[in-house]
Amino acid sequence: MGAFFRKIAGSALLSALLSAVPWVPAHAVDVRAIRLWASPDSTRVVLDLSGSAQHSLQVLKNPDRVVLDVAGAHLASGARAAPAGTGMVKQVRMARRPTGEMRIVLDLVRPIQAKSFLAAPNDRYGYRLVIDLGLASGVETPVKVEHAPPDARDLIIAIDAGHGGEDPGAIGMHGTREKDVVLAIARELALKVNAEPGMKAVLTRNGDYFVPLRDRMRRARGQQADLFVSIHADSIRDRRVDGSSVYILSQRGATDEASRWLAERENASDLIGGVSLDDKDNVLASVLLDLSQSASLSASQVAAERVLRQLNRVGEIRKPQVQQARFMVLKSPDIPSMLVETAYISNPQEELRLRSQPHQAKLAAAIHQGVHDYFYANPPAGTRVAQLASGAAPRLTLAGGGAGE
Ligand SMILES: [Zn+2]
């Protein structure tokens, strides 16, 4: 019988049989897992698939729900049943339709906008069907925030915990995930920044969810951040390598980004250093952008040096100079930005240290001290820190020195 089956498998007869019977799709795809990630203003639903699949998505009302049909899909044996609802999803229901589709219904807590796309395999995941649920538009427009009276505003420090949600970042030999340790360090840093007069921290993510890189920048710009600090603990092939590094955007990365901003300014009402590019001719816009980028890059360099100096006191630093790279998240043309590799999670000793709360606090304290030193040496006009630095108000002294420079 086995031989007979092998003989007809793949034959025209079998194909004909299968296509004649619509509820047995010829190219079934397994749904291996359904994962949900909630952020404060969006929820992402990810289906891990064994292969490419056709799908359709409908957003329905009364009650609010999203109906997703995936052609020829089965729930893989061993896959868990519908996950619990989270964020904007009240509950997940699944059913097999007689026409061969797997139907997934997401019951919603409120009306939303939905979009879906099939993501190609990468080094971490296979095919994924991604459904993004968000509030009606809004996300694309930076929110202008009045954060202090004009006579003395607070400095806004955007703190960006790398990765999150479906993107765990690097994973150490003992299973430590970068996304978890960098969030812990980012939160610790935010506490320290908020405890300091004249400074306010904003976290680009404050939970286990993924925020696209451009949205991280957009959030920082929406808050009119004075500095952007991205926190990472990536891995490196050579497990012996340890120590901290601090990166700023390379000149090449800045040039690429400038072209993009100029190309897109038609449909963006973005401001560069407080000047709108919208109504400027090409040459003027490019000069303004260039000035803003050069100013941001040199400020980034000086701020990054201060942070690197403080990290050197906590432990090893990998290289004594600030490094340059084309990290997307550093590309805001008008916000000084740096990326801190706190340590390499690929090094087993560093991995263990990264898990320790006291060590996380030490790293956060070093970054905070560096940021503090930078702003006291270069206080932006009109800020409370400018008053404090000039002695117009009582000065704060922090442990570890450097406050009075
Ligand atoms: Zn990372």
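## Basis and confidence

The model is predicted, so local features need pLDDT of at least 70 and side-chain atom pairs count only at pLDDT 80 or more, while totals for chains, interfaces and linings use all residues. Residues are numbered from 1 along each chain as its sequence is written, and side-chain values use heavy atoms, with hydrogens and water left out.

The pLDDT is the predictor's confidence in each residue, from 0 to 100. Its mean over the chain is 81, and 80% of the residues reach 70 or more. Over residues 138-149 the value is below 50, and this stretch has 20 contacts in the model beyond near neighbours in sequence; a contact means heavy atoms within 4.5 Å. Residues 394-405 also stay under 50, with 30 contacts beyond four places in sequence.

Buried means under 20% relative accessible area, exposed over 50%, and partly exposed in between (1.4 Å probe, protein chains only). H232 is buried at 10%, and D234 is buried at 19%.

## Aromatic rings

Rings of Phe, Tyr and Trp (its six-membered ring) pair if their centres lie within 6.5 Å; planes under 30 degrees apart count as stacked, over 60 as edge-to-face and the rest as tilted. The count comes to 2 aromatic pairs. One of them is Y247 with F327, which is edge-to-face, with 5.2 Å from centre to centre and 85° between the planes. This pair links distant parts of the chain, 80 residues apart: Y247 is in strand β13 (residues 245-249), and F327 is in the loop between β16 (323-325) and β17 (337-341). Strands (E, at least two residues) are DSSP runs, numbered from the N terminus. Y247 is buried at 14% relative accessibility, whereas F327 is partly exposed at 28%.

## Serine 337

S337 lies in strand β17 and is buried, at 2% relative accessibility. A polar atom of its side chain lies 2.8 Å from the backbone oxygen of I335. Not counting residues up to four places away in sequence, S337 touches F228, Y247, I248, S300, L330 and S332.

Definitions and conventions. Helices (H or I, at least four residues) and strands (E, at least two) are DSSP runs, numbered from the N terminus. A polar contact is a pair of N or O atoms within 3.5 Å; within protein, one must be able to donate a hydrogen and the other to accept it, and residues adjacent in sequence count only if both atoms are side-chain atoms.
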